[in-house]
Amino acid sequence: MKLPPTLLILLAATASADPLVTSWRTDLSGRYARLYQTAADEAAGAAVTTWNRGQGIQSQPTYAGVNEVAVTDTDVYVRASGLPAHVMGPWYLNAAKTNLFPNYPDNQALLYRFPRDPGTPPATKSLTGLGRIGLFVDGVSMFDSRDAFSYDTSAGQDDSPVAGAGVDGDGVWNRDAYVNEGVTFDAANAHQAGSNHHYHANPPGLRHLLGDSVDYDPAANTYSENFDGGHSPILGWVRDGYPVYGPYGYSDPGDPDSPVTRMRSGYRTRSITVRTTLPAHAARDQGYTAADSSAEYPLPANLHGPPVTAGAGSPYELGHYLEDYEYLGDVGFVQGLDFDLDLHNGRFCVTPEFPDGTYAYFVCIEADGTPKFPYNIGRTYYGNPTANTAAAVPAGAEVVAEGGPEHAAGPGRVATDAATGDVTLRWSAVEGGTYLVERSGDLEAWQSMTAHFDGGDLVAPDPGALIESERRFYRTRLVDVAPFDDEGFDVDLELRPEGGNHILLLIVDDWGIDWSPLDSPSNPRVPEMPNLRWLADNGVRFTNAYAQATCSPTRATLLTGRHPSRHGVGSPAGASIPLDEFTLPDAFGAAGSPYALLSIGKWHLGGGAGGPRTTGGWPNFSGTTANLDDYWNWDKVIDGVTAPVTDTYATSDQVDDAVEFIRSQPEGDPWFCWVGFHAPHTPLHDPPTGLLPAGTPPPGNNRDRLEQMLEALDHELGRLLAEIDLDETNVILVGDNGTPGNLQQAPYGNGRAKGSIYEGGTRVPMVAAGPDVPGRGTNDSPVHVVDLYRTVLTLAGIEVDAVAPAGTVIDSRDLYPAFLGGRVGGCVVCEAFGDGATPGRAIRDGDYKLIIHDDPDTTTDTPVLELYHIATDPDEQMELLGQAGGPNAEQAAAYEALLAKNQALGGGFGDTDNGGGMPVSTGILSLSPNAAPAASTLTVTFTFDDTWTPNVPPLNNMAGNPIVPTVRLGSAIGTGVNRLSRYVLQAQFTLPAGAGTLDAEAEFPGPNRPTFGLTEAFEVTAP
């Protein structure tokens, strides 16, 4: 059973608890690991969470520190990324900081096992080895005092390590890591071996986070020692199962009431000028003398070290080698009187965590925090070094602490303002997490609140709370985590619904936000839709929701979770969803879901009367195959059988079918019902008066009719909602495209309506409510109907990636985090193509939107690009690429980012980038004497391989800004470059006389634009 976080906190504070279990700092692990790449980044405070240098590649963020602690009766298992919670870097090879260190760190995906009982210390001690000799409580590796180099007497120099096999030196005079590598350490006294981040000496970054007498200046990224009088905490654990403390312990090792003092090292530098003898401790360690010998050992000449050079920083300064130090106990001094720490850099003592005493190592420092030999531990272990990496946590082990994305938010902190009545709450939280924050006055009815991140805290303001209510309760929970490098993590967040609640999906035809009383309440023509408003009041309304420009592409997109360029339905003309698409009903079936399924209303995706079943996968269907010609006289298809309807209003009939389906389901059995209303699509008409608000006058024109059709629809929506329990049913309502142009109104006034990829054609209302939608109010995340595919499956407890055929590309995002009051990232994509469509693609990311007017099925058109800032220009009247002076820096950056997204999507819209699709092989142009009898100017036409979708980019954009390539034939550069089509470039060249062959190449300017190798199809025209 997992212990709750509050209990873990109590355990950590209880002296009788096992410190090897409770000292690991999972509370530091909810942050991303981050580093400064350069001194300039450090000065600017510009830390990064992804990086790539040498062996250290962190392409996704990962969490710092310890992410899990598990225990058995005999061992403790620690999972860690090996990266600290404090900011790392920068690292340089020289004091002037002009030569960067060769490697950055990365996620070590570490699982380390420690014995809970260190056993009886052996009489014969083991030498520390290269690499990890223990683990600090933040999951960072502990290395010993060496840097792996040793002196090679025959070569007369220090020799470097060889990969995986120790050192090339003699191994007698071993270099001191701090003295020799200290210049490469960052402010926290750390660097990496390969990509393995580690400390050799006093770790002030960790000590600051643990509150161990270290101050931190974030502006300068520096640490300073500031003794606060307290005993140091446990900093880590050595492989022999004993703890390492910070530098401060009880002056009397057996008396916890004695003053706390800085521990005195048992070593000092020797008084030598030549290196011809080993100190007693090194002679014993290296096997030259007996274990009880305290005498120096005279070395043979072939093992002499280099003479001592004078001055700190000199080539062979005193302290250059570990053997430049002597142990005080070997030269007449007494432990406990003259010094505190033994040969291993530890002692037996009582500590706050071990009131009955333990053997413990201590970090050694000077008074100002400078590391002091032997730093963390001596050259030998006190106990048995049996701890090591493990392949897996044994079955049955108890997980007692979790960090990383499973780090629990809390504890909450509350600040109040008596003057304003404002309350502000803060929780420590998981970086990259999305949280639902709620408030309540009675612990029963809860309202979601707006929250934001401030540093590592989740902050939720509640203005005027003290004035509004005498008491208020607050709670928060994690609802989503952004993608991260999870190698080595064992994460089971269970953030998604288990399924079992009913799902009702309602699609309204030809309904843009301009005719929504929620989205455009100030319009003079706003229908009364109280049931829509009730639904929104009890759920989340999306203020930046999108569909495709017309109905069939929207339905196909929603049904498959894929963009039109993938499923092939780009317009209603001849729309037919391919048989091999993995549809929503297919996903329910593949998952073995118990949900009953029914699709009602408009199909319009081909296949005739059997289309909903054969291509859509619906086991049951009741509706029409296409649009209506008359809302009272139409052909109805029920499971492939067609029969005329002549006496029922279509909107009412669709609700009748939904009500019948809901009532027919056995109690407790889940169902999913898709209702595709025809209203308010043409033909515009006078709806039944019984469905309209009392006193509604007869319509006088089509705008009246549209308004009343929506009011009639809302009436029937109320009848349908009366059949469900909103505590058991998730309801999603969305429009399928914008309003037709002849009926469009504010905020749109430029005729860019249904059928266009502008806002007026694609912005639609969207509302969600139900038991899995605890969020309330509005959500401004840009979302799209494509996202409802994955979202519906999430609500049903189905993980689509686990059941979809291998290789299926699904564009849908999960909106569940937004249902809980959070946000969703990513961009929205609208596409149109095919017969009757105005072709193009629109991509919105954040507040910017790129429009690409281009037909992907045609090779002769020239794409036209436009850029808009939707937040300030919702009607798309201020095109930014063509503005005076061109786009500013922010706009240009957004433009380039959107171009890159367009290229990554593929599909042939705009072809602004090659993206690696075009073969990068250099073409050869053969010239014969007849073609170029003398030095002359030739017009050369270059034809590209037309089998590749990403082709020659246009040579200018909407604003007329050139992106003209440099075209070369050998060393000659072409002039008058012209793009004849997406496959053909033309240019003029002045070439030398005579025959020959010339390399041909076209290089496009700007980021993400490639160098094209040209094919061998050339047409040469003499002047």
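**View 1. G129 in the loop between strand 5 and strand 6.** In this predicted model, G129 is placed in the loop that runs between strand 5 (110–115) and strand 6 (134–136). With a relative accessible area of 31%, G129 is partly exposed, because that value falls between the 20% limit for buried residues and the 50% limit for exposed ones.

**View 2. The surroundings of G129.** Leaving aside residues up to four places away in sequence, G129 touches D144, R146 and Y381. T380 is 251 residues from G129 along the chain, yet the C-alpha atoms of G129 and T380 are separated by 9.1 Å.

**View 3. A negative surface patch that includes E728.** The patch is formed by E667, D669, D725, D727 and E728. Of these residues, E728 is found in the loop between helix 14 (702–721) and strand 42 (729–735).

**View 4. The protein chain as the setting of the close-ups.** The protein chain comprises 19 helices and 58 strands, and of its 1023 residues 54% are buried. Among contacts in the protein chain with a separation of 6 or more, 67% are accounted for by residues 24 or more positions apart.

Note on methods
Residues numbered from 1 in each chain as written. Predicted model: local features only at pLDDT ≥ 70, side-chain atom pairs only at ≥ 80, totals over all residues. Heavy atoms only, no water. Helix = DSSP H or I, 4+ residues; strand = E, 2+ residues; numbered from the N terminus. Buried < 20%, exposed > 50% of the residue type's maximum accessible area, 1.4 Å probe, protein only. Contact = heavy atoms within 4.5 Å. Patch = residues over 30% accessible without salt bridge, like charges linked within 9 Å, V, L, I, M, F, W, Y side chains within 5 Å. Areas by Shrake-Rupley, 256 points an atom, 1.4 Å probe, with all protein chains shown as cover. Salt bridge = Lys/Arg side-chain N within 4 Å of Asp/Glu carboxyl O. Lys, Arg positive; Asp, Glu negative; His and termini not counted. Charge placed at Lys NZ, Arg CZ, Asp CG, Glu CD.
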